[in-house]
Amino acid sequence: MQNKELINGLRRMESNLILIKLKKNKIPSNKLFLIAEIANSHTGSAIKLKQIIKKILDVKPNAIKFQLFKANELLESNHPEFKLYKKLEISDNEWEKIFNDLKKTKIEIFVDVFSISRAKFAKKY
């Protein structure tokens, strides 16, 4: 029951939870640390997301940040924005490929998560 209450609370939150996944590095306090925020600029296209990532990696930021969510964990299906959020979803299979590819680079991966299931999913990477 406690998990169900927490999930319902997460759905009502106006702000999101942030899970920061860092490699072994620590963020230096006396240096610039550049984070490339992707948000939903991919518009739900894994192909477009991979193109954006490629361009970002050319710039060599310290970190890249994504938003992980499932529409049905954010909104009720009758919510006016549900279809939009559903369209913006990237499949778990595609996220796995993306995270595994990024692990081969030196870039840090930051992830905003919007539910417990997304936090558990991100934790694997």
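Which residues have the most contacts inside the largest nonpolar core? This is a predicted model, in which local features need pLDDT of at least 70 and side-chain atom pairs count only at pLDDT 80 or more, while totals for chains, interfaces and linings use all residues. Residues are numbered from 1 along each chain as its sequence is written, and side-chain values use heavy atoms, with hydrogens and water left out.

The residues in question are L49, I64, F66, L68, W95, F99 and L102, in a core of 21 residues; a nonpolar core is a set of buried Ala, Val, Leu, Ile, Met, Phe, Trp, Tyr and Cys residues joined through side-chain atoms within 4.5 Å. Buried means under 20% relative accessible area and exposed over 50%, with a 1.4 Å probe and protein chains only. Among the elements that each supply at least two residues of this core are α2 (46-59), β3 (63-68) and β4 (108-113), where helices (H or I, at least four residues) and strands (E, at least two) are DSSP runs numbered from the N terminus.

In β4, 6 of 6 residues are buried, with E108, F110 and D112 on one side and I109, V111 and V113 on the other. In a regular strand the side chains alternate between the two faces of the sheet. β3 and β4 run parallel and are joined by 6 bridges, and F66 stands opposite V111.

In α2, the buried residues are A46, L49, I52, I53 and I56. Because they cover an arc of only 115° around the axis (taken from the directions from the helix axis to the C-beta atoms), they lie on the same side of α2. The face turned away from that buried side carries the exposed residues I47, K54, K55 and D58.

Methods
Two strands pair if DSSP finds at least two bridges between them.
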